[in-house]
Amino acid sequence: MRGHGDEGLVRAHRDSHAAVGEQEVLGREAREERERLTLRPGSAYSEGAGERAIAEAPDPERTCFERDRDRIVHSTAFRRLAGKTQVVVDPLDHQRTRLTHAIEVAQVATSIARGIGVNVSLADAIALGHDCGHGPGGHASEDAFDEFLPEGYDHGPWGADVVLTPLNLCVQTLDGIRNHSWSRPAPSTVEGEIVSWADRIAYCAHDLEDAIHARIITVDEIPAEVVEVAGTARREQLGTFIRAVIGSVAEHGEVGMAPREASALATLRRFNYERIYTRPAAVDQSRRVVDVLRALVEHYVAAPSTIPDVPAVDPGSSEAVHEAVRYVGGMTDRYAFEQAIKLLDWDPARLPQGIDRH
């Protein structure tokens, strides 16, 4: 179990033979120089420790955006996405969670970034962190928390400005996370714009696939325009839309999509909303999520001392409200519903039941 070899080198396998030749370590400064030589004009370039709220020393090996990506992947908020709803509460084993969605958005975003020739590490970091502000129960959590905050609850700004603040990420990474939704101002970087498209491409194709597997819809019901332009399978759709963005940048020099493919993507998204997100079972599920999350927030607003690791705040104060929303928003679906039963004597029959129980 100690490996194999002697004379200064231990190998994993007895017959290891892979070799690349001796050379100097490819550290941060060499990577930064490589970016300046290879990335397109308009790309976000890594520089030293990066522009952060709290100044740090540069990492010897990683660029600032590689460092951001690693911090997000190792964060508690990112791991908790595994227990948060993407479309359905209590998903089956093969259905998406917020975590698998984030990984799939990163795959789409890095594919586009590589094809365009911009900063893959920044696109990857933004994509992996873009949904860390989501609460339990999917988008219904935003409706639940809206009433408690004067500015409302939007998972993009909340993720960038509250959830991920302890990571001290670069301003470009936070900007992309904050503004990835199309309803928000445009991100400040090309890489942020790429993630805005990647998110929409990913959830439209993947949510459709999940709905077909769950027998909510059938392949035959996919709109004709979508089938004609992008096919019926997730693989075809992703490839079509990814290539459309890359091709549009090559032709126009801006991040966007040709009208034909953009229209098909919009049609697919509208179909998903009508047949998946706003179907009666989904509306009922959202109502149940809103009810239980609001009740949990109200409980912790009245008893903020029960929130772990929170300094003393007055019950009912604006500080208590903020901490209650932060704490409940960070919960996984299962933990939130368990807490409702434990603390509020919530009737399990009033909880979201999951798609396999309708």
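Let me begin with a definition: a residue is called buried when its relative accessible area is under 20%, and exposed when that area is over 50%. Please keep in mind throughout that what we are looking at is a predicted model.

With that cut-off in hand, consider Asn168, which sits in the loop between H7 and helix H8 (171-178). Its relative accessibility is 10%, so Asn168 counts as buried, and its phi is positive, at about 55 degrees, although Asn168 is not a glycine. Asp345 also has a positive phi of about 55 degrees without being a glycine, but it lies in the segment after H15, and because its relative accessibility is 68%, Asp345 counts as exposed.

If we leave aside residues up to four places away in sequence, what does Val108 touch? The residues it touches are Ala198, Ile201, Ala202, Leu238 and Ile242. As general background, nonpolar side chains in soluble globular proteins tend to be buried together.

Next, helix H11, which runs over residues 234-252, has 19 residues and reaches 27 Å from its first C-alpha to its last, close to the 27 Å expected at 1.5 Å a residue. Its buried residues are Gln237, Leu238, Gly239, Thr240, Phe241, Ile242, Ala244, Val245, Ser248 and Val249, and they pack against helix H4 (98-116), H9, helix H10 (224-230) and helix H12 (259-277). After H11 comes Gly253, whose phi is positive, near 75 degrees.

Helix H14, residues 318-329, can be checked in a similar way: its 12 residues should span 16 Å at 1.5 Å a residue, and its end C-alpha atoms are 16 Å apart, which agrees.

Is Val289 buried or exposed? At 1% relative accessibility, it counts as buried. Val289 and Ala140 are 149 residues apart in sequence, yet their C-alpha atoms are 6.4 Å apart in space.

Finally, a helix pair. Two packed helices are described by the angle between their axes and the distance between the axes. For helix H2 (residues 64-73) and helix H5 (residues 120-129), the angle is about 20 degrees and the axes are 8 Å apart. Angles under 35 degrees count as roughly parallel, and H2 and H5 are therefore roughly parallel to each other. The crossing in which H2 passes H5 is left-handed. On the H2 side the contacts come from Phe65, Glu66, Asp68, Arg69, Ile72 and Val73, and these meet Ser121, Leu122, Asp124, Ala125, Leu128 and Gly129 in H5.

Note on methods:
Residues are numbered from 1 along each chain as its sequence is written. This is a predicted model: local features need pLDDT of at least 70, side-chain atom pairs count only at pLDDT 80 or more; totals for chains, interfaces and linings use all residues. Side-chain values use heavy atoms; hydrogens and water are left out. Contact means heavy atoms within 4.5 Å. Helices (H or I, at least four residues) and strands (E, at least two) are DSSP runs, numbered from the N terminus. The expected span of a helix is 1.5 Å times one less than its number of residues. Buried means under 20% relative accessible area, exposed over 50%, partly exposed in between (1.4 Å probe, protein chains only). Axes are lines fitted to C-alpha atoms, for helices over the stretch in contact, and angles run from 0 to 180 degrees between N-to-C directions. Angles under 35 degrees count as roughly parallel, over 145 as roughly antiparallel, 65 to 115 as roughly perpendicular and the rest as oblique. A crossing is left-handed if the near helix is turned anticlockwise from the far one by less than a right angle, and right-handed if clockwise.
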